[in-house]
Amino acid sequence: CGSPPARGSSGKMAAPMSGGSRGPEPGAAPYGNFPNYSRFHPPEGRVSLLPQGLLRSLFPAATRPLLGLDVGCNSGELSVALYQHLVGLQESNSSPEPPGAGKELNLLCCDIDPELIRRAQQSSPFPASISFASLDIMDSGAREPFLSSYLERFGRSSFDIGFCMSVTMWIHLNHGDRGLLEFLALLASLCTFLLVEPQPWKCYRAAARRLRRLGRDDFEHFRSLRINGDMAESVTRILTQECAMELVRSFGSTSWDRSLLLFRSTGA
């Protein structure tokens, strides 16, 4: 299940991983844009760590629909699972667009790979509430008008909550330390709350090994990264010390040894 290299100069993608695959090598997927990612890293592994009623606890006085941003959504399976969990829909309630389901959360999901976005759009059970769009989040010329247009539809200047699930490594490998800092600062500026799942450093090494095994050029920045080691700690330090956010809670780690970290903006 190899994936064609994504178009665009940057890499913001949902996917990742280390660990062996069954069958053929899953491919180099330089931006994490694996075509069958959810088979290797099922959404339930993350969603099950999040408490019921999380949105109500974070926004107890909300009187308008909440806005969410999912960066690097791949083909949307995790986005849909997050949406269902956050608005309290049970898996068994499979009727499309249950009455009122979209009145609590509108979720904008973006990914650098247009083919994955097409798959997400075709399979989404909640098209009125979840929007999927192809976007290179590191391309400011494309990002700024697109996000501004979406926010203006709701009369808003920022998102209530953002999701960055196994994306930071791909930004880091493709854009270096400066790119990671820019990316985290961007998310912090866009979102009141931010749920981040950083890949551990062992995943960086595994991604580089996959490229070499397939005879591809190494990631341009891999060997020069000064931000390394404990990536959950590094991401937390960057967001809290440089991006005006505070760590609200760690929801533990997935079976793939990835921490789920919730941050809140401390800005005005």
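This report walks through the fold, the sheet, the cores and a few individual residues of the structure above.

The model is predicted: local features are described at a pLDDT of at least 70, side-chain atom pairs count only at pLDDT 80 or more, and totals for chains, interfaces and linings use all residues. Residues are numbered from 1 along each chain as its sequence is written, and side-chain values use heavy atoms, with hydrogens and water left out.

## Overall picture

The protein chain has nine helices and seven strands. These are DSSP runs numbered from the N terminus, with helices being H or I of at least four residues and strands being E of at least two. Of the 268 residues in the protein chain, 57% are buried. Here buried means under 20% relative accessible area, exposed means over 50%, and partly exposed lies in between, with a 1.4 Å probe and protein chains only.

The accessible surface comes to about 11,600 Å², and carbon and sulfur atoms hold 48% of that. Areas come from the Shrake-Rupley method with a 1.4 Å probe, and for residues only the protein chains shown count as cover. Among contacts between residues at least 6 apart in sequence, 74% join residues at least 24 apart; a contact means heavy atoms within 4.5 Å.

Seven of them form an open sheet with mixed pairing, in the order 3-2-1-4-5-7-6. Two strands pair if DSSP finds at least two bridges between them. Strand 3 (130-134) and strand 6 stand at the edges with a single partner strand each, so one side of each has no neighbour in the sheet. From one strand to the next, the twist averages 15°.

Strand 6 and strand 7 (residues 259-265) run antiparallel and are joined by six bridges. Within this pair, S250 stands opposite L261 in strand 7. Helix 7 packs on the sheet, where it touches strand 1, strand 4 (159-165), strand 5 (191-197) and strand 6, and its direction makes about 150° with that of strand 5. Axes are lines fitted to C-alpha atoms, for helices over the stretch in contact, and angles run from 0 to 180 degrees between N-to-C directions.

## The cores

A nonpolar core is a set of buried Ala, Val, Leu, Ile, Met, Phe, Trp, Tyr and Cys residues joined through side-chain atoms within 4.5 Å. The largest has 46 residues, and those with the most contacts inside it are I137, F159, L173, F183 and L239. Helix 7 (residues 168-190) gives the most to this core, with 11 residues. The core draws at least three residues from each of domain 1 (67-90 + 101-157) and domain 2 (170-192 + 199-267), with bounds that come from an automatic or database domain assignment.

A second, separate core of 32 residues includes L54, L105, F193 and L262.

## Residues worth a look

V196 lies in strand 5 and is buried, with a relative accessible area of 0%. Leaving aside neighbours within four places in sequence, V196 is in contact with C164, T168, V235, L239, S259, L260, L261 and F263.

Some pairs that are separated along the chain are listed here with their C-alpha distances.

| Pair | Apart in sequence | C-alpha distance |
|---|---|---|
| A232 and V196 | 36 residues | 9.0 Å |
| V196 and L262 | 66 residues | 6.4 Å |
| L135 and I112 | 23 residues | 5.1 Å |

L135 sits in the loop between strand 3 and helix 6 (140-153) and counts as buried at 5% relative accessibility. S79 lies in helix 4 (residues 77-86) and is buried, with a relative accessible area of 0%. Beyond neighbours within four places in sequence, S79 is in contact with D70, C73, L107, C109, I130 and F132.

Finally, a word on backbone angles. Most residues other than glycine have a negative phi. N74 has a positive phi near 55° and lies in the loop between strand 1 (66-71) and helix 4, where N74 counts as buried at 3% relative accessibility. A244 also has a positive phi, near 55°. A244 lies in the loop between helix 9 (231-242) and strand 6 (245-253) and is partly exposed, with a relative accessible area of 38%.
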